Amino acid sequence: MSQQALQAISPIDGRYASKTASLIPFFSEEALIKYRVQVEVEYFIALVTIPLPQLSDFDTALFPALRKLYSEFTSDDAQKIKDIEKVTNHDVKAVEYFIKEKFDGLDLQKYKEFIHFGLTSQDINNTAIPLSLKEAMNEVYVPMYLELKEKLSSLATDWADIPMLARTHGQPASPTRLGKEIQVFVTRLDEQFDLLNNIKSAAKFGGATGNFNAHKVAYPSIDWKTFASEFVQGTLGLHHSFPTTQIEHYDHMAALFDCLKRINTIILDLDRDVWTYVSMDYFKQKIKAGEVGSSAMPHKVNPIDFENSEGNIGIANAIFTHLSEKLPVSRLQRDLTDSTVLRNIGVPIGHTLIAFQSTLKGLSKLLLNEAKFKQDLENNWAVVAEAIQTILRREAYPNAYEALKGLTRTNEAINQTSISNFIETLDVSEAIKTEMKAVTPANYTGI
């Protein structure tokens with residue numbers, strides 16, 4: 001751990017820095033500045049492409065040189081913009097001045113007043129941030145999500161034939177299969193991921209109050225709405241929100257955060273189930289040489305990975321909740337509350353990545369204790385009562401449920417012998433008795 005990480009206030013940049021480093025190119029201050037430069041440059045290129053009359057003689061062969069301003073953006077460039085911001089006290093204006101300086105260096109002085117032409121800062125922020133979020137989702141979140149989901153899918157297949165005593169309300173219930181119970185989580189994740197993929201990455205782009213006032217007064221004959229839609233959707237690959245106020249309404253972003261929260265909740269549910277299975281001795285855990293489970297109890301091998309995941313999901317979901325509730329609410333045409341909140345969108349995603357990695361680590365350490373599964377099933381023959389009474393119902397046996405209730409709803413131990421003896425007392429054919437006796441806790445697992 002570096003000295004800088006040791007001094008970090010947030011564990012995302014401190015203790016867990018190695019787990020969240022992949023988010024730096026998307027959610028750091030430097031990344032935000034770079035994305036702003038990208039939007040400003042691409043907007044200028046789009047104006048040239050119209051072309052505006054004053055830009056009709058711009059040499060399009062210079063487009064690659066302009067794009068290098070963001071594709072080869074450096075930490076020194078970011079620091080230069082921050083230094084300009086100390087004077088302007090405005091972050092987006094500092095980006096504009098930085099690009100104008102670069103235009104001077106490229107001998108493009110005559111064109112530089114068309115940098116940030118007709119725009120407000122939110123035209124830049126409300127495109128740069130959704131773009132960075134979209135790319136972070138595609139390049140970091142989705143691969144990690146898929147890795148975790150594929151691990152669960154693999155375990156569901158590996159454990160497909162492991163019979164297991166189910167527990168509803170914490171009490172023994174109709175048996176199931178371990179693989180099927182894991183598959184429940186896989187299917188839930190798949191369905192939420194489908195919803196996630198349908199959420200738009202939306203951006204606002206329309207001038208000071210969303211009406212292209214400045215654009216229209218300067219060039220009234222240009223269809224600026226069509227221009228903006230083609231720019232936002234064609235060039236940036238985002239959905240153009242229109243109409244808007246000065247800012248993006250954030251409804252789609254809120255939907256994204258709500259969906260990420262639901263996915264996290266499914267993982268948290270998994271964490272707690274697996275943690276419980278470990279406590280029930282259904283799983284042992286791989287032991288790593290040198291590791292300590294407790295400062296006082298040498299025997300301990302704790303399921304800390306699932307606990308770590310659960311804790312990080314709690315923090316992530318609390319912030320996702322605030323983001324989805326706060327961002328869509330703004331006074332009149334705009335207040336500034338969204339600005340500081342947007343700077344935190346990487347935080348819950350960072351905690352989510354930590355959680356995913358912890359769950360993956362925990363799953364990779366599980367060792368199946370089949371003997372315990374078998375023992376629990378053998379100790380709970382009462383669960384086959386459902387099967388017996390259902391067969392009796394099929395045969396129109398009178399008061400079948402009540403008959404089994406009388407046998408099983410007691411504090412006496414129920415075992416294979418007591419079940420078999422009960423079956424022998426029933427007024428049914430030998431074939432039916434044989435059918436019922438063939439049912440065991442280990443094979444009464446459904447489909």
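**Exercise 1.** In this predicted model, find which residues F44 is in contact with, leaving aside its neighbours within four places in sequence.

*Solution.* Start at F44 and look for heavy atoms within 4.5 Å. Now step back to the core: the largest nonpolar core has 133 residues, and F44 and F257 touch the most other members. Helix α8 (residues 121-158) gives the most to this core, namely 16 residues.

**Exercise 2.** Work out how helix α4 (residues 29-49) lies against α7, and describe the contact.

*Solution.* First, take the axes: they come within 10 Å and cross at roughly 60°. Angles of 65 to 115 degrees would count as roughly perpendicular and those under 35 as roughly parallel, so α4 is oblique to α7. The crossing is right-handed. Next, list the partners: α4 brings I33, R36, V37, E40, V41 and F44, while α7 brings D91, V92, V95, I99 and F103. Finally, sort them by type: 8 are nonpolar, none polar and 3 charged.

**Exercise 3.** Repeat the analysis for helix α6 (residues 75-88) and helix α7 (residues 91-105).

*Solution.* Here the axes come within 8 Å, crossing at roughly 120°. Therefore α6 and α7 are oblique to each other, and their crossing is right-handed. From α6, the residues D77, K80, I81, I84, E85 and T88 meet D91, A94, V95, Y97, F98, E101 and K102 of α7. Sorting this contact gives 6 nonpolar, 1 polar and 6 charged residues.

How values were computed. Residues numbered from 1 in each chain as written. Predicted model: local features only at pLDDT ≥ 70, side-chain atom pairs only at ≥ 80, totals over all residues. Heavy atoms only, no water. Axes fitted to C-alpha atoms, helices over the stretch in contact; angles between N-to-C directions. Helix = DSSP H or I, 4+ residues; strand = E, 2+ residues; numbered from the N terminus. Parallel < 35°, antiparallel > 145°, perpendicular 65-115°, else oblique. Left-handed = near helix turned anticlockwise from the far one by under 90°. Nonpolar A, V, L, I, M, F, W, Y, C, P; charged D, E, K, R; others polar. Core = buried A, V, L, I, M, F, W, Y, C linked by side-chain atoms within 4.5 Å. Buried < 20%, exposed > 50% of the residue type's maximum accessible area, 1.4 Å probe, protein only.
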